[in-house]
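Good morning, and thank you for the time on today's agenda. I would like to take you through a few features of one structure, beginning with a pair of helices.

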Amino acid sequence: MAGAIANANPMKVGLVATRLGICTFTLPFMFAYRPGLLLQGPIGEMIFAVIAAVVGVLFLSWGLAGYALRSTNVSQRLLFLAAGIAFITLDLKMVVVGVILGAIALGWQIRTLRLERVAIKVPSK
């Protein structure tokens with residue numbers, strides 16, 4: 001329906017919508033693994049679960065959308081996807097792995113942005 005309204009290819013619109021909406025399908029799995037997301041249990045567990053879920057969904061959405069601070073390449077997308085998937089169980093060991101993978105991809109993005117800014121400021125002779 002949305003494709004017809006926008007005069008776009010309905011299959012492409014459906015695939016993009018599925019890719020962008022898949023993050024919402026991971027949240028129920030996170031609820032099952034950590035009741036802290038439902039704000040049940042000790043306060044420390046609740047805070048950890050909420051922050052880890054937000055960061056995990058952020059990494060997963062960056063990997064699926066192909067854009068974080070700038071457009072991502074295939075390697076960065078895979079790193080963001082792996083980081084987001086590692087956050088789904090909200091197990092401490094997997095969260096640490098997810099943080100490391102996400103930090104690598106995010107650092108790569110920041111480094112690329114800085115190199116692009118330097119290249120723009122310094123004209124070539």
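Let me start with the crossing of α4 and α5, which is left-handed. Please keep in mind that this is a predicted model. Helix α4 covers residues 74-86 and helix α5 covers residues 92-121; their axes come within 8 Å and cross at roughly 155°. Angles over 145 degrees count as roughly antiparallel, and α4 and α5 are therefore roughly antiparallel to each other.

Which residues of α4 and α5 make the contact? On the α4 side they are S75, Q76, L79, F80, A82, A83 and A86. On the α5 side they are M94, V95, G98, L101, G102, I104, A105, L106, W108, Q109 and T112. Sorted by class, this contact comprises 12 nonpolar and 6 polar residues, with no charged residues.

Setting aside its neighbours within four places in sequence, F80 contacts G102, A105, L106 and Q109, among others. Its contacts also include F59, L60, W62, G63, A68 and T72.

That brings me to the largest nonpolar core, which has 16 residues. Within this core, M30, L37, F59, F80 and L90 touch the most other members. Helices α3, α4 and α5 each supply at least two of the core residues, and α3 gives the most, with 5.

Finally, I turn to a loop. Most residues other than glycine have a negative phi. L39, although not a glycine, has a positive phi of about 60°. L39 lies in the loop between α2 (10-33) and α3 (43-65). Is L39 buried or exposed? L39 is exposed, with a relative accessible area of 58%.

Definitions and conventions
Residues are numbered from 1 along each chain as its sequence is written. This is a predicted model: local features need pLDDT of at least 70, side-chain atom pairs count only at pLDDT 80 or more; totals for chains, interfaces and linings use all residues. Side-chain values use heavy atoms; hydrogens and water are left out. Axes are lines fitted to C-alpha atoms, for helices over the stretch in contact, and angles run from 0 to 180 degrees between N-to-C directions. Helices (H or I, at least four residues) and strands (E, at least two) are DSSP runs, numbered from the N terminus. Angles under 35 degrees count as roughly parallel, over 145 as roughly antiparallel, 65 to 115 as roughly perpendicular and the rest as oblique. A crossing is left-handed if the near helix is turned anticlockwise from the far one by less than a right angle, and right-handed if clockwise. Contact means heavy atoms within 4.5 Å. Ala, Val, Leu, Ile, Met, Phe, Trp, Tyr, Cys and Pro count as nonpolar, Asp, Glu, Lys and Arg as charged, and the others, Gly among them, as polar. Buried means under 20% relative accessible area, exposed over 50%, partly exposed in between (1.4 Å probe, protein chains only). A nonpolar core is a set of buried Ala, Val, Leu, Ile, Met, Phe, Trp, Tyr and Cys residues joined through side-chain atoms within 4.5 Å.
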